[in-house]
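Keep the selection panel handy.

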Amino acid sequence: MVGLSEILATFVMIAISGYLVWTLLGIRQRRMKFAAEGGDDYRGEAKEPEALTKPDEEALEDMDNLLQQAGFSMPEEE
């Protein structure tokens, strides 16, 4: 025989599941609305690709530090 606690637990689980489905559908609707309004302009391209081909001294030092932290090192030039 099914006890009252099992019925209550089942009802709570069904309510939680329903709330989660309703939340996911709401998020989906907002994302679809945002995309339909033209808000999804991301193409993955750099705004100034020329700037990426000429790193400055600070960027080179940062890259060197990151490589050293990762365990990579270049032999020093003499």
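**Before you select anything.** This is a predicted model, in which local features need pLDDT of at least 70 and side-chain atom pairs count only at pLDDT 80 or more, while totals for chains, interfaces and linings use all residues. Residues are numbered from 1 along each chain as its sequence is written, and side-chain values use heavy atoms, with hydrogens and water left out.

**Stop 1: the whole chain.** Colour by secondary structure: the protein chain has three helices and zero strands, in the order α-α-α from the N terminus. Here helices (H or I, at least four residues) and strands (E, at least two) are DSSP runs. Now show the surface, of which the protein chain exposes about 8,100 Å² (Shrake-Rupley method, 1.4 Å probe). Carbon and sulfur atoms supply 61% of that area. Buried residues (under 20% relative accessible area; exposed is over 50%, partly exposed in between) make up 0% of the 78 residues.

**Stop 2: Y19 and W22.** How many aromatic pairs does a search of the whole structure find? The search finds one. The ring centres of Y19 and W22 lie 6.0 Å apart with planes at 40 degrees, so the pair is tilted. Rings pair if their centres lie within 6.5 Å; planes under 30 degrees apart count as stacked, over 60 as edge-to-face and the rest as tilted. Y19 and W22 are three residues apart in helix α1 (residues 4–36), so about one helical turn separates them. Both are exposed.

**Stop 3: a nonpolar patch.** Select L8, F11, V12, M13, I16, Y19, L20 and W22, which together form a nonpolar surface patch with about 920 Å² of accessible area. Patch residues have over 30% relative accessible area and no salt bridge (a Lys or Arg side-chain nitrogen within 4 Å of an Asp or Glu carboxyl oxygen); nonpolar side chains are joined within 5 Å and like charges within 9 Å. L8, in helix α1, is exposed at 53% relative accessible area.

**Stop 4: a negative patch.** Finish with D56, E57, E58, E61, D62 and D64, which gather in a surface patch of negative charge. Asp and Glu count as negative, with each charge placed at CG of Asp or CD of Glu. D62 lies in helix α3 (residues 57–69) and is partly exposed, at 41%.

Notes
Buried means under 20% relative accessible area, exposed over 50%, partly exposed in between (1.4 Å probe, protein chains only).
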